[in-house]
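Me: I have a structure open and want to go through parts of it with you. Can you take my questions as they come?

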Amino acid sequence: MKKKCLGTILCMIMTVVMLTGCGGNESGGAQKSAGNESVEGAEKTPAQEESGDEAGQLQKSTSEAETAENYTIGYTCPTLNNPFFVGMMEGAQKAADERGVTLTMLGGDNDVTKQVQQVEDFISQGMDAIVIQAVDTTGIVTAVTQANEAGIPVLTTAETPTGGDILCAISFDSYESGFNGGTYIAQTLGEAGKIIELQGVMGQETSREKSRGFAEAIAEYSEMEILASQPADYDRAKAMSVMENMLQTFDDIDAVYAANDEMALGAAQAIEAAGKTGEIFVMGNDGTDEALEAVSQGTLGATNGTPGYIQGYIAVDIAVRHLSGETVPEVINEKNTVIDKTNLEQADQILKAVSEKDWYWLEQF
(Lines give C-alpha, C1' and ligand atoms only; values in the text may rest on other atoms or scores of the structure.)
Protein backbone atom coordinates (compact mmCIF):
# COMPACT_ATOMS: atom_id res chain seq x y z
CA MET A 1 0.00 0.00 0.00
CA LYS A 2 2.78 2.39 0.89
CA LYS A 3 4.68 1.50 -2.26
CA LYS A 4 1.60 2.12 -4.36
CA CYS A 5 1.01 5.52 -2.74
CA LEU A 6 4.66 6.46 -3.09
CA GLY A 7 4.61 5.52 -6.77
CA THR A 8 1.50 7.56 -7.33
CA ILE A 9 3.03 10.60 -5.66
CA LEU A 10 6.24 10.30 -7.69
CA CYS A 11 4.24 10.11 -10.92
CA MET A 12 2.31 13.20 -10.01
CA ILE A 13 5.50 15.12 -9.22
CA MET A 14 7.12 14.13 -12.54
CA THR A 15 4.02 15.16 -14.44
CA VAL A 16 4.02 18.63 -12.87
CA VAL A 17 7.74 19.09 -13.58
CA MET A 18 7.30 18.09 -17.23
CA LEU A 19 4.34 20.40 -17.72
CA THR A 20 6.19 23.30 -16.09
CA GLY A 21 9.26 22.68 -18.25
CA CYS A 22 7.28 22.62 -21.45
CA GLY A 23 5.38 25.76 -20.58
CA GLY A 24 8.60 27.57 -19.66
CA ASN A 25 10.31 26.69 -22.92
CA GLU A 26 7.36 27.84 -25.03
CA SER A 27 7.16 31.15 -23.22
CA GLY A 28 10.91 31.74 -23.39
CA GLY A 29 11.02 30.93 -27.09
CA ALA A 30 8.24 33.42 -27.83
CA GLN A 31 9.98 36.15 -25.83
CA LYS A 32 13.30 35.53 -27.58
CA SER A 33 11.67 35.71 -30.99
CA ALA A 34 9.89 38.92 -30.12
CA GLY A 35 13.11 40.31 -28.76
CA ASN A 36 14.96 39.65 -32.02
CA GLU A 37 12.35 41.59 -34.01
CA SER A 38 12.39 44.64 -31.80
CA VAL A 39 16.03 44.96 -30.75
CA GLU A 40 18.06 47.22 -33.07
CA GLY A 41 21.10 45.55 -34.55
CA ALA A 42 19.84 42.00 -34.09
CA GLU A 43 21.26 39.55 -36.59
CA LYS A 44 19.23 38.93 -39.73
CA THR A 45 18.97 35.83 -41.83
CA PRO A 46 20.30 35.99 -45.40
CA ALA A 47 16.72 36.09 -46.61
CA GLN A 48 15.94 39.04 -44.33
CA GLU A 49 19.08 40.90 -45.48
CA GLU A 50 18.23 40.35 -49.18
CA SER A 51 14.66 41.48 -48.59
CA GLY A 52 15.88 44.60 -46.77
CA ASP A 53 18.38 45.48 -49.52
CA GLU A 54 15.72 45.14 -52.18
CA ALA A 55 13.39 47.39 -50.22
CA GLY A 56 16.16 49.95 -49.77
CA GLN A 57 17.06 49.87 -53.45
CA LEU A 58 13.42 50.19 -54.41
CA GLN A 59 12.98 53.14 -52.06
CA LYS A 60 16.13 54.80 -53.45
CA SER A 61 15.06 54.19 -57.04
CA THR A 62 11.61 55.61 -56.37
CA SER A 63 13.07 58.61 -54.57
CA GLU A 64 15.45 59.36 -57.45
CA ALA A 65 12.65 59.05 -59.99
CA GLU A 66 10.45 61.39 -58.03
CA THR A 67 13.28 63.90 -57.74
CA ALA A 68 14.00 63.81 -61.47
CA GLU A 69 10.35 64.35 -62.27
CA ASN A 70 9.84 67.10 -59.75
CA TYR A 71 12.64 69.55 -60.47
CA THR A 72 11.35 73.12 -60.46
CA ILE A 73 12.90 75.85 -62.58
CA GLY A 74 12.12 79.57 -62.48
CA TYR A 75 12.78 81.59 -65.65
CA THR A 76 12.54 85.38 -65.92
CA CYS A 77 13.07 87.34 -69.14
CA PRO A 78 12.76 91.06 -69.96
CA THR A 79 9.20 90.90 -71.32
CA LEU A 80 6.59 88.52 -72.70
CA ASN A 81 5.19 91.24 -74.98
CA ASN A 82 7.93 90.61 -77.53
CA PRO A 83 7.60 87.66 -79.96
CA PHE A 84 11.26 86.77 -79.49
CA PHE A 85 10.78 86.10 -75.78
CA VAL A 86 7.45 84.37 -76.36
CA GLY A 87 9.29 81.99 -78.68
CA MET A 88 12.06 81.57 -76.12
CA MET A 89 9.59 80.58 -73.45
CA GLU A 90 7.87 78.13 -75.83
CA GLY A 91 11.22 76.43 -76.40
CA ALA A 92 11.88 76.34 -72.65
CA GLN A 93 8.47 74.82 -72.01
CA LYS A 94 9.04 72.13 -74.63
CA ALA A 95 12.29 71.13 -72.92
CA ALA A 96 10.55 71.10 -69.54
CA ASP A 97 7.69 68.95 -70.82
CA GLU A 98 10.09 66.46 -72.39
CA ARG A 99 12.06 66.14 -69.15
CA GLY A 100 9.13 66.09 -66.76
CA VAL A 101 10.09 69.23 -64.82
CA THR A 102 7.95 72.15 -63.66
CA LEU A 103 8.78 75.48 -65.30
CA THR A 104 7.57 78.88 -64.08
CA MET A 105 8.03 81.55 -66.76
CA LEU A 106 7.75 85.28 -66.07
CA GLY A 107 8.32 88.54 -67.94
CA GLY A 108 9.89 91.49 -66.15
CA ASP A 109 8.15 94.25 -68.13
CA ASN A 110 11.65 95.61 -68.92
CA ASP A 111 11.99 96.59 -65.26
CA VAL A 112 15.05 95.25 -63.43
CA THR A 113 13.45 95.99 -60.05
CA LYS A 114 10.60 93.68 -60.98
CA GLN A 115 13.05 91.03 -62.14
CA VAL A 116 14.90 91.18 -58.83
CA GLN A 117 11.59 90.60 -57.03
CA GLN A 118 10.82 87.67 -59.32
CA VAL A 119 14.15 86.04 -58.53
CA GLU A 120 13.58 86.60 -54.81
CA ASP A 121 10.20 84.90 -55.18
CA PHE A 122 11.83 81.96 -56.96
CA ILE A 123 14.26 81.66 -54.05
CA SER A 124 11.49 81.70 -51.43
CA GLN A 125 9.61 79.08 -53.46
CA GLY A 126 12.63 76.80 -53.27
CA MET A 127 13.27 76.50 -57.01
CA ASP A 128 15.91 73.93 -57.94
CA ALA A 129 17.39 76.25 -60.58
CA ILE A 130 16.84 79.79 -61.85
CA VAL A 131 17.34 81.08 -65.39
CA ILE A 132 17.65 84.83 -65.97
CA GLN A 133 17.73 86.97 -69.08
CA ALA A 134 18.43 90.28 -67.45
CA VAL A 135 16.93 93.65 -68.25
CA ASP A 136 19.99 95.25 -66.65
CA THR A 137 23.19 93.25 -66.21
CA THR A 138 24.29 95.35 -63.23
CA GLY A 139 20.95 95.81 -61.48
CA ILE A 140 20.30 92.06 -61.43
CA VAL A 141 23.50 91.22 -59.55
CA THR A 142 21.92 91.48 -56.08
CA ALA A 143 19.33 88.86 -57.06
CA VAL A 144 22.00 86.55 -58.49
CA THR A 145 24.00 86.85 -55.25
CA GLN A 146 20.92 86.01 -53.17
CA ALA A 147 20.36 82.87 -55.24
CA ASN A 148 24.03 81.94 -54.80
CA GLU A 149 23.70 82.29 -51.03
CA ALA A 150 20.59 80.09 -51.11
CA GLY A 151 22.53 77.41 -52.96
CA ILE A 152 20.38 77.65 -56.09
CA PRO A 153 22.25 77.41 -59.42
CA VAL A 154 21.76 80.37 -61.74
CA LEU A 155 21.92 80.16 -65.53
CA THR A 156 21.63 83.09 -67.92
CA THR A 157 20.54 83.57 -71.50
CA ALA A 158 21.89 86.35 -73.76
CA GLU A 159 22.80 88.85 -71.04
CA THR A 160 25.60 87.95 -68.59
CA PRO A 161 25.36 89.79 -65.23
CA THR A 162 28.39 91.80 -64.18
CA GLY A 163 28.62 89.96 -60.84
CA GLY A 164 27.53 86.87 -58.95
CA ASP A 165 28.24 83.22 -59.75
CA ILE A 166 26.72 81.95 -62.98
CA LEU A 167 26.61 78.19 -63.54
CA CYS A 168 26.27 78.50 -67.32
CA ALA A 169 25.94 81.53 -69.60
CA ILE A 170 23.96 80.63 -72.72
CA SER A 171 24.27 83.33 -75.33
CA PHE A 172 24.60 84.38 -78.92
CA ASP A 173 27.64 86.29 -79.97
CA SER A 174 25.89 89.65 -80.19
CA TYR A 175 28.94 91.27 -81.73
CA GLU A 176 28.89 88.65 -84.48
CA SER A 177 25.18 89.21 -84.96
CA GLY A 178 25.70 92.94 -85.57
CA PHE A 179 28.77 92.30 -87.71
CA ASN A 180 26.82 89.82 -89.85
CA GLY A 181 24.07 92.38 -90.31
CA GLY A 182 26.47 95.11 -91.39
CA THR A 183 28.33 92.79 -93.76
CA TYR A 184 25.13 91.46 -95.33
CA ILE A 185 23.71 94.94 -95.94
CA ALA A 186 26.99 96.23 -97.38
CA GLN A 187 27.16 93.34 -99.81
CA THR A 188 23.49 93.69 -100.71
CA LEU A 189 24.03 97.37 -101.55
CA GLY A 190 27.10 96.63 -103.62
CA GLU A 191 29.43 97.96 -100.89
CA ALA A 192 28.15 101.53 -101.24
CA GLY A 193 25.20 103.16 -99.50
CA LYS A 194 23.74 105.15 -96.62
CA ILE A 195 22.21 103.40 -93.61
CA ILE A 196 20.07 104.11 -90.58
CA GLU A 197 20.75 101.96 -87.50
CA LEU A 198 17.95 101.31 -84.98
CA GLN A 199 19.53 100.22 -81.71
CA GLY A 200 17.99 98.27 -78.84
CA VAL A 201 18.08 99.12 -75.13
CA MET A 202 21.57 100.54 -74.80
CA GLY A 203 21.78 99.61 -71.13
CA GLN A 204 21.88 95.98 -72.22
CA GLU A 205 25.06 94.19 -73.19
CA THR A 206 23.51 92.57 -76.27
CA SER A 207 22.40 95.95 -77.62
CA ARG A 208 25.81 97.52 -77.18
CA GLU A 209 27.60 94.55 -78.74
CA LYS A 210 25.26 94.36 -81.73
CA SER A 211 25.78 98.05 -82.39
CA ARG A 212 29.56 97.74 -82.05
CA GLY A 213 29.67 94.78 -84.42
CA PHE A 214 27.46 96.54 -86.95
CA ALA A 215 29.55 99.72 -86.88
CA GLU A 216 32.84 97.83 -87.28
CA ALA A 217 31.48 95.83 -90.22
CA ILE A 218 30.34 98.98 -92.03
CA ALA A 219 33.70 100.62 -91.32
CA GLU A 220 35.36 98.02 -93.54
CA TYR A 221 33.64 99.52 -96.60
CA SER A 222 34.87 102.97 -97.56
CA GLU A 223 31.73 103.87 -99.50
CA MET A 224 29.29 102.81 -96.77
CA GLU A 225 27.98 105.43 -94.33
CA ILE A 226 25.86 105.23 -91.19
CA LEU A 227 23.70 108.35 -91.33
CA ALA A 228 22.35 107.95 -87.78
CA SER A 229 22.21 105.42 -84.94
CA GLN A 230 19.32 105.80 -82.52
CA PRO A 231 17.78 103.54 -79.85
CA ALA A 232 14.17 102.44 -80.24
CA ASP A 233 14.27 100.05 -77.27
CA TYR A 234 13.32 96.94 -79.27
CA ASP A 235 9.81 98.39 -79.60
CA ARG A 236 7.85 98.46 -82.87
CA ALA A 237 5.90 101.66 -82.18
CA LYS A 238 9.04 103.54 -81.08
CA ALA A 239 10.91 102.32 -84.14
CA MET A 240 8.13 103.50 -86.41
CA SER A 241 8.28 106.95 -84.81
CA VAL A 242 12.08 107.12 -85.03
CA MET A 243 11.99 106.05 -88.67
CA GLU A 244 9.38 108.68 -89.52
CA ASN A 245 11.76 111.30 -88.16
CA MET A 246 14.68 109.82 -90.11
CA LEU A 247 12.70 109.94 -93.35
CA GLN A 248 12.01 113.62 -92.75
CA THR A 249 15.64 114.32 -91.83
CA PHE A 250 17.42 112.44 -94.64
CA ASP A 251 16.44 112.48 -98.30
CA ASP A 252 18.68 109.64 -99.33
CA ILE A 253 18.44 106.41 -97.27
CA ASP A 254 19.45 103.10 -98.85
CA ALA A 255 18.97 100.70 -95.96
CA VAL A 256 17.87 100.27 -92.36
CA TYR A 257 19.47 97.86 -89.90
CA ALA A 258 17.39 97.11 -86.80
CA ALA A 259 18.72 95.19 -83.81
CA ASN A 260 15.50 93.17 -83.61
CA ASP A 261 12.60 92.27 -85.87
CA GLU A 262 10.03 94.34 -83.98
CA MET A 263 11.98 97.51 -84.77
CA ALA A 264 12.52 96.39 -88.35
CA LEU A 265 8.79 95.88 -88.79
CA GLY A 266 8.12 99.31 -87.26
CA ALA A 267 10.60 100.90 -89.66
CA ALA A 268 8.98 99.07 -92.58
CA GLN A 269 5.60 100.50 -91.58
CA ALA A 270 6.99 104.04 -91.64
CA ILE A 271 8.64 103.39 -95.00
CA GLU A 272 5.41 102.01 -96.42
CA ALA A 273 3.47 105.03 -95.13
CA ALA A 274 6.01 107.25 -96.91
CA GLY A 275 5.47 105.32 -100.15
CA LYS A 276 9.06 104.05 -100.25
CA THR A 277 8.60 100.29 -99.90
CA GLY A 278 11.11 98.59 -102.17
CA GLU A 279 13.34 101.65 -102.26
CA ILE A 280 14.87 101.15 -98.82
CA PHE A 281 16.30 97.75 -97.83
CA VAL A 282 15.29 96.77 -94.28
CA MET A 283 17.01 94.07 -92.21
CA GLY A 284 15.95 92.84 -88.78
CA ASN A 285 17.36 90.49 -86.20
CA ASP A 286 15.79 87.45 -84.46
CA GLY A 287 13.83 85.47 -87.04
CA THR A 288 10.32 85.87 -85.60
CA ASP A 289 7.37 84.39 -87.48
CA GLU A 290 6.08 87.80 -88.53
CA ALA A 291 9.51 88.83 -89.78
CA LEU A 292 9.78 85.67 -91.85
CA GLU A 293 6.40 86.41 -93.39
CA ALA A 294 7.60 89.94 -94.15
CA VAL A 295 10.71 88.53 -95.84
CA SER A 296 8.45 86.29 -97.91
CA GLN A 297 6.36 89.29 -98.97
CA GLY A 298 9.38 91.53 -99.59
CA THR A 299 8.57 94.00 -96.79
CA LEU A 300 11.83 93.00 -95.08
CA GLY A 301 14.92 92.07 -97.03
CA ALA A 302 16.35 89.74 -94.39
CA THR A 303 16.51 88.88 -90.71
CA ASN A 304 19.47 87.55 -88.77
CA GLY A 305 18.04 84.43 -87.14
CA THR A 306 19.06 84.25 -83.49
CA PRO A 307 16.68 81.48 -82.35
CA GLY A 308 15.06 82.43 -79.07
CA TYR A 309 13.14 79.13 -79.16
CA ILE A 310 16.35 77.11 -79.17
CA GLN A 311 17.87 79.43 -76.57
CA GLY A 312 15.09 78.70 -74.10
CA TYR A 313 15.29 74.99 -74.84
CA ILE A 314 19.04 74.92 -74.20
CA ALA A 315 18.66 76.76 -70.88
CA VAL A 316 16.27 74.18 -69.45
CA ASP A 317 18.26 71.27 -70.91
CA ILE A 318 21.48 72.49 -69.28
CA ALA A 319 19.74 73.15 -65.95
CA VAL A 320 18.32 69.61 -65.83
CA ARG A 321 21.65 68.08 -66.82
CA HIS A 322 23.33 69.92 -63.94
CA LEU A 323 20.64 68.94 -61.44
CA SER A 324 20.99 65.33 -62.60
CA GLY A 325 24.69 65.36 -61.77
CA GLU A 326 26.32 66.16 -65.11
CA THR A 327 29.20 68.60 -65.41
CA VAL A 328 28.11 71.39 -67.75
CA PRO A 329 30.15 74.09 -69.55
CA GLU A 330 30.43 77.57 -68.13
CA VAL A 331 29.48 79.00 -71.53
CA ILE A 332 27.28 77.73 -74.37
CA ASN A 333 27.71 79.62 -77.66
CA GLU A 334 24.65 79.70 -79.89
CA LYS A 335 24.37 80.00 -83.64
CA ASN A 336 22.94 82.84 -85.70
CA THR A 337 22.11 82.63 -89.38
CA VAL A 338 20.97 85.28 -91.85
CA ILE A 339 17.64 84.32 -93.40
CA ASP A 340 16.46 85.82 -96.68
CA LYS A 341 14.46 84.52 -99.63
CA THR A 342 17.28 82.19 -100.66
CA ASN A 343 16.99 80.02 -97.53
CA LEU A 344 13.52 80.91 -96.26
CA GLU A 345 12.33 77.33 -96.71
CA GLN A 346 14.90 76.18 -94.14
CA ALA A 347 13.84 78.78 -91.56
CA ASP A 348 11.97 76.32 -89.35
CA GLN A 349 14.99 74.04 -89.16
CA ILE A 350 17.30 76.97 -88.47
CA LEU A 351 15.11 78.47 -85.74
CA LYS A 352 13.31 75.59 -84.01
CA ALA A 353 15.20 72.33 -84.54
CA VAL A 354 15.57 70.73 -81.10
CA SER A 355 15.36 67.00 -81.77
CA GLU A 356 18.22 65.01 -80.26
CA LYS A 357 20.17 64.95 -83.53
CA ASP A 358 20.12 68.78 -83.50
CA TRP A 359 21.67 69.24 -80.04
CA TYR A 360 24.76 71.00 -81.37
CA TRP A 361 25.49 72.51 -77.96
CA LEU A 362 26.58 69.11 -76.62
CA GLU A 363 29.68 69.47 -78.80
CA GLN A 364 30.75 72.23 -76.37
CA PHE A 365 30.78 69.92 -73.32
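Reply: Below we go through the chain as a whole, then some helices, strands and single residues.

Me: What kind of model is this?
Reply: It is a predicted model.

Me: How many helices and strands does the protein chain have?
Reply: The protein chain has 12 helices and 12 strands.

Me: And what share of the residues is buried?
Reply: Of the 365 residues in the protein chain, 45% are buried.

Me: Let's go to H4. How far apart are its end C-alpha atoms?
Reply: They are 18 Å apart. Helix H4 runs over residues 112-124, and its 13 residues should span 18 Å at 1.5 Å a residue, so the two values agree.

Me: Which residues of H4 are buried?
Reply: Val 112, Gln 115, Val 116, Gln 118, Val 119, Phe 122 and Ile 123 are buried in H4. They sit on the same side of the helix, because they cover an arc of only 160 degrees around the axis.

Me: Why would residues three or four places apart point the same way?
Reply: An α-helix has 3.6 residues a turn, so residues at that spacing face the same way.

Me: What covers the buried residues of H4?
Reply: The cover includes strands E1 (72-77), E2 (102-107) and E3 (129-132), along with helix H5 (141-149).

Me: And the face turned away from the buried side?
Reply: That face of H4 carries the exposed residues Thr 113 and Ser 124.

Me: What caps the N-terminal end of H4?
Reply: Asp 111 does, with a side-chain oxygen 2.9 Å from the backbone nitrogen of Thr 113. After H4 comes Gly 126, with a positive phi near 70 degrees.

Me: Now H6. What is at its start?
Reply: A side-chain oxygen of Asp 173 comes within 3.2 Å of the backbone nitrogen of Tyr 175.

Me: How far does H6 reach?
Reply: Helix H6 (residues 174-188) has 15 residues and reaches 21 Å from its first C-alpha to its last, close to the 21 Å expected at 1.5 Å a residue. Gly 190 follows H6, and its phi is positive, near 75 degrees.

Me: Which residues of H6 are buried?
Reply: Ser 174, Ser 177, Gly 178, Gly 181, Gly 182, Thr 183, Tyr 184, Ile 185 and Ala 186 are.

Me: Change of topic: strands. How does E3 run relative to E4, parallel or antiparallel?
Reply: E3 and E4 run parallel and are joined by 3 bridges. Val 131 is opposite Leu 155 in E4.

Me: Which residues of E4 are buried on each side?
Reply: On one side Val 154 and Thr 156 are buried, and on the other Leu 155 and Thr 157, so both faces of E4 are covered.

Me: What about E5?
Reply: E5 is also joined to E4 by 3 bridges, and the two run parallel. Thr 157 stands opposite Ile 170 in E5. Both faces of E5 are covered, with Cys 168 and Ile 170 buried on one side and Ala 169 and Ser 171 on the other.

Me: Which other strand pairs with E5?
Reply: Strand E11 (residues 331-333) pairs with E5 in the parallel sense over 3 bridges. Here Ser 171 is opposite Asn 333 in E11.

Me: Why does Ser 171 count as buried?
Reply: Its relative accessibility is 12%, and buried means under 20%.

Me: What does Ser 171 touch?
Reply: Leaving out residues up to four places away in sequence, Ser 171 touches Ala 158, Ile 332, Asn 333 and Glu 334.

Me: Where is Gly 163?
Reply: Gly 163 is in the loop between strand E4 (154-157) and strand E5 (168-171).

Me: Buried or exposed?
Reply: Gly 163 counts as buried, because its relative accessibility is 19%. Apart from neighbours within four places in sequence, Gly 163 is in contact with Val 141 and Val 144.

Me: Last one. Where is Glu 244, and how accessible?
Reply: Glu 244 is in helix H8 (residues 236-249). Glu 244 is partly exposed, at a relative accessible area of 33%. Its C-alpha atom is separated by 7.9 Å from that of Ala 267, 23 residues apart along the chain.

Key
Residues are numbered from 1 along each chain as its sequence is written. This is a predicted model: local features need pLDDT of at least 70, side-chain atom pairs count only at pLDDT 80 or more; totals for chains, interfaces and linings use all residues. Side-chain values use heavy atoms; hydrogens and water are left out. Helices (H or I, at least four residues) and strands (E, at least two) are DSSP runs, numbered from the N terminus. The expected span of a helix is 1.5 Å times one less than its number of residues. Buried means under 20% relative accessible area, exposed over 50%, partly exposed in between (1.4 Å probe, protein chains only). The arc is that of the directions from the helix axis to the C-beta atoms. Contact means heavy atoms within 4.5 Å. A polar contact is a pair of N or O atoms within 3.5 Å; within protein, one must be able to donate a hydrogen and the other to accept it, and residues adjacent in sequence count only if both atoms are side-chain atoms. Two strands pair if DSSP finds at least two bridges between them.
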